[in-house]
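Hello,

The structure we discussed is below, followed by notes on what was found in it. Please read them alongside the coordinates.

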Amino acid sequence: MVISVPRLVIAAPSSGSGKTTVATGLMAAFASRGLAVSPHKVGPDYIDPGYHALATGRVGRNLDAYLCGTELVAPLFAHGARGCDLAVVEGVMGLYDGAAGEGELASTAQVAKLLRAPVVLVVDASSQSRSVAALVHGFASWDPEVRVSGVILNKVGSSRHEEMLREALDESGVPVLGVLRRAAQVGTPSRHLGLVPVAERHAAAVDSVAAMASQVREGCDLDGLLALARSAPALAGAAWDAAAAVVSSPPPPLPVPTLGAAPPDPRHRPERPRPQTPDGLLKDRGTGLRAAPRIAVAGGAAFTFSYAEHAELLTAAGAEVVTFDPLRDEQLPDGTDGLVIGGGFPEVYAPELSANEPLRKAVAELAFGGAPVAAECAGLLYLSRELDGQPMCGVLDVSARMSERLTLGYRDAVAVSDSVLAAAGTRMRGHEFHRTVVEPGAGAAPAWGVRAPQRRVEGFVQQGVHASYLHTHWASQPGVARRFVERCRTS
């Protein structure tokens, strides 16, 4: 199979240069021309893809060579870009910055090479003139395999400033494809973990994306950028497919004994009976029949961190995936057999989450009844006894609080305990990104053993619960989704 989607990688010399503004603006500007634009983000970031989705009307997808492996970058790209006229890939940090101590691994440059995509460098020109040529020349010549094919100058102060920058860059051989003036209206608010997600400010985010698109339309050579995207050569290989990935993953092992003990709780009840038909098919708690277990996935403003491939893998493994909002819904979806609670900002919404006592009780009842529950980061906090003094679900006997310290970085991990997600010994790569701590940091049956930055165990395996700070990308281990669905089917 040949992958021939026109594509651009939007990179920068460093963070804060304006990649998100330019990439999102380009996506929206091209979409307004009637093009089907596929949005992508290099690295593990969950927030930028929300703005990309708003700009394009398509799911924003991540391309992370560390979490998923270099071999999956092009297939995952092709999966997201299937049927599109153009793909725009926003880079991460500086062009050549990757996983600490791992060379180019997970850098924007590496992804650009894997996609054989031309790179457009966004340069913050606010404090320089002729020096911009030396900067661009250095980035363009550092790695001959990285094709830096154009520059967009950001935060240009005046017409005279623009003239000086263009004169300098004439000598670099890299064409100027856009000049953006300073414009406060395209700014988006930030807080302790980056931009405020779209789900928390949808109306304002729509205005921000519209302003980005307007600025890009006025300042960039869209025809030249589209021609550059179309110059990307074809890639050999097949698009990633969730169904094929699940089928090819190892079958889940037989159920394992319960590990860890739940704290005594009056809401505890024996394992839930599962009504069946005479032929053994699972019976819906209503009147219909279904063989697919129902898995509820937390969403809404407090739980915005999720990779699209997770739901696709769960569906491919035979589950019915439904979403709910812990800020609004007082009950889990009818017939919930398993629960996935991803990342987000529960610390921002702790009072509201705590006030929704009916849902907290429903989550605890489901967990103490033995149902499979997978919780990452924000999900871990939600399952705790309390968060910043506010009562949470009480599934885990831990206390969570905000911290002054940012925990950030890629992690190599191995499953320490058998769980609903993985058998002990399963290796996965993950990412941590939080300003909270839980005490204790690990249970009697920890979820993961982490090698760096220091050796430690973290997380909790308790009855059917797997809770951890570690964000993982299930496309790297499709058997995780298959195992979870099977546990939901049989619990």
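Subject matter: helix packing, cores and overall make-up

Helices H1 and H2 are roughly parallel to each other, because their angle falls under the 35 degrees used as the cut-off. Please keep in mind that this is a predicted model.

The angle in question is about 20°, and the axes of H1 (residues 19-32) and H2 (residues 48-56) lie 8 Å apart. Their crossing is right-handed. On the H1 side, the contact is made by Thr20, Thr24, Met27, Ala28 and Ala31; on the H2 side, these meet Asp48, Tyr51, His52, Ala55 and Thr56. By type, the residues of this contact comprise 5 nonpolar, 4 polar and 1 charged.

Next, the nonpolar cores. The largest has 117 residues, and the members that touch the most others are Leu115, Leu153 and Leu225. H1 supplies the largest share of this core, with 7 residues. Leaving aside residues up to four places away in sequence, Leu115 is in contact with Arg7, Leu63, Val73, Ala74, Phe77, Val89 and Leu235. There is also a second, separate core of 41 residues; among them are Ala364, Ala375, Tyr382 and Ala467.

For the chain as a whole, there are 15 helices and 24 strands. The protein chain has 491 residues, of which 57% are buried. Of the contacts with a separation of 6 or more, 76% are between residues 24 or more positions apart.

Regards

How values were computed. Residues are numbered from 1 along each chain as its sequence is written. This is a predicted model: local features need pLDDT of at least 70, side-chain atom pairs count only at pLDDT 80 or more; totals for chains, interfaces and linings use all residues. Side-chain values use heavy atoms; hydrogens and water are left out. Axes are lines fitted to C-alpha atoms, for helices over the stretch in contact, and angles run from 0 to 180 degrees between N-to-C directions. Helices (H or I, at least four residues) and strands (E, at least two) are DSSP runs, numbered from the N terminus. Angles under 35 degrees count as roughly parallel, over 145 as roughly antiparallel, 65 to 115 as roughly perpendicular and the rest as oblique. A crossing is left-handed if the near helix is turned anticlockwise from the far one by less than a right angle, and right-handed if clockwise. Contact means heavy atoms within 4.5 Å. Ala, Val, Leu, Ile, Met, Phe, Trp, Tyr, Cys and Pro count as nonpolar, Asp, Glu, Lys and Arg as charged, and the others, Gly among them, as polar. A nonpolar core is a set of buried Ala, Val, Leu, Ile, Met, Phe, Trp, Tyr and Cys residues joined through side-chain atoms within 4.5 Å. Buried means under 20% relative accessible area, exposed over 50%, partly exposed in between (1.4 Å probe, protein chains only).
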